[in-house]
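Subject: Structure for your review

Dear colleague,

Please find below the sequence and the structure that I am handing over to you. My findings follow directly after them.

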Amino acid sequence: MTLLGINGHRHGVTPVTDDQTVVAVDRLIADTLGRLRADWAALSAAVVPRPDVLHTDSVLELLSGLLATGGKRFRPRMVHWGWLAATGGDDPVGYHHVTRIGAALELLHAFALIHDDVMDASETRRGYPAVHVQARQQHVRWGSFGDPQRYGENIAILAGDLAHSEASMLAADLPPHLRALWRTLSVELMIGQGRDLVGAANGRRDLEHALAVARAKSGAYTVWRPLQLGAAAGGAGPELFDALERYGIAVGEAFALRDDILGVLGDERATGKPVGDDLVAGKPTVLLALATQRFTPKWQRLLARTGSGELSSEDVAALRQELIRSGVIEEVEEMISDAVRQASDALVSPAVHPAAAEGLRRLAHRVAWRSA
């Protein structure tokens with residue numbers, strides 16, 4: 001792949017695009033899975049699976065199936081733009097790290113999705129049965145012993161662990177300063193997920209907590225840290241890191257807030273997940289925090305039942321309508337627009353290479369006003 005040269009770089013060379021980076025990342029993921037399959041087959045060769053019964057190969061098959069469903073590849077794209085903001089694209093050595101980081105992030109994301117679906121009891125992911133649901137269905141199909149639900153969740157945990165292990169193996173080959181950032185991203189992901197679970201269990205409905213969860217679980221992990229990793233791969237200095245952090249925090253907030261809206265008002269055909277799950281689970285989202293502030297006593301009583309397991313589909317539909325009528329959705333849309341403006345302002349910094357600035361602006365809009 002030819003790297004770019006513009007504004008003083010090699011004349012006539014076309015910039016590498018984030019789509020091309022995604023292709024390179026997907027190729028590395030495929031290679032990683034190929035090596036994993038070969039190792040798996042060698043290590044399990046002593047046991048020949050019998051027909052019409054459960055077998056451990058399903059762990060690998062279920063992980064491979066999830067990865068085959070695609071995804072938006074936001075995190076590899078953020079790595080790409082962070083690197084481009086630092087280098088303008090004329091950096092073959094750094095670009096090698098970009099593709100490795102991107103592939104590692106997608107495998108880490110697969111781990112997070114699989115475990116998140118178990119924690120949230122979500123039945124679908126990307127329009128397909130969630131990994132634990134597929135494993136549960138296999139258990140039922142073959143008339144196996146034990147609890148199908150518990151079996152499905154256990155197999156999903158193993159599939160997620162396998163994804164995490166492969167992500168860590170890819171990250172292990174990065175230079176020390178990138179491995180340190182990778183560890184920070186991984187720890188922040190766990191903190192964000194933990195805050196989500198603890199907040200729901202504690203019945204948190206305050207805006208401060210909801211924003212903290214959004215920033216740790218979605219913002220840093222999806223936007224700021226991948227940008228930082230890409231910029232670090234390109235040898236960025238403090239001024240660029242500062243600009244990208246301001247951009248990343250703002251876009252990360254927009255990403256999380258859009259997720260909140262899609263979770264209650266999205267089109268299931270586009271999101272691939274049941275709408276209303278966040279309300280049923282009582283997740284400490286910004287929507288619920290604002291609803292707690294705005295709703296009248298009548299609606300507060302229904303709102304208090306979120307997370308209790310007592311909400312009917314009619315209750316969820318009523319809450320969705322009240323979120324619109326009360327102005328909560330409009331307020332969150334304004335927060336998203338404000339975050340995008342803050343992100344655009346951050347890109348005015350001279351430290352951001354011109355080859356990346358406009359692309360980062362477009363990406364902020366794409367993240368903020370996506371439909372899935």
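The largest cavity holds about 40 Å³ of space. Please bear in mind that the model is a predicted one. The count of cavities of 30 Å³ or more comes to 1.

Rolling a probe the size of a water molecule over the atoms shows where empty space is left. The residues that line the largest cavity are L66, L67, G70, R73, E106, H109, A110, L113 and R126. By class, this lining has 4 nonpolar, 2 polar and 3 charged residues. At least two lining residues come from each of α2 (57–68) and α4 (92–120). The element that gives the most to the lining is α4, with 4 residues.

I would also draw your attention to the backbone. Most residues other than glycine have a negative phi. R73, which is not a glycine, has a positive phi of about 60°. R73 is placed in the loop between α2 and α3 (74–87), and R73 is also among the residues lining the largest cavity. With a relative accessible area of 11%, R73 is buried, because buried means under 20%.

A121 is likewise a residue other than glycine with a positive phi, near 55°. The loop between α4 and β1 (124–125) contains A121. Is A121 buried or exposed? The relative accessibility of A121 is 53%, and A121 therefore counts as exposed, the cut-off being over 50%.

Yours sincerely

How values were computed. Residues are numbered from 1 along each chain as its sequence is written. This is a predicted model: local features need pLDDT of at least 70, side-chain atom pairs count only at pLDDT 80 or more; totals for chains, interfaces and linings use all residues. Side-chain values use heavy atoms; hydrogens and water are left out. On a 1 Å grid over the protein atoms alone, a cavity is a set of points where a 1.4 Å probe fits but cannot get out, and a pocket is an open set with protein on both sides within 12 Å along at least five of seven lines; lining residues have an atom within 4 Å of a point. Grid points are joined across faces, edges and corners, and a volume is the space filled by probe spheres set on the points. Ala, Val, Leu, Ile, Met, Phe, Trp, Tyr, Cys and Pro count as nonpolar, Asp, Glu, Lys and Arg as charged, and the others, Gly among them, as polar. Buried means under 20% relative accessible area, exposed over 50%, partly exposed in between (1.4 Å probe, protein chains only).
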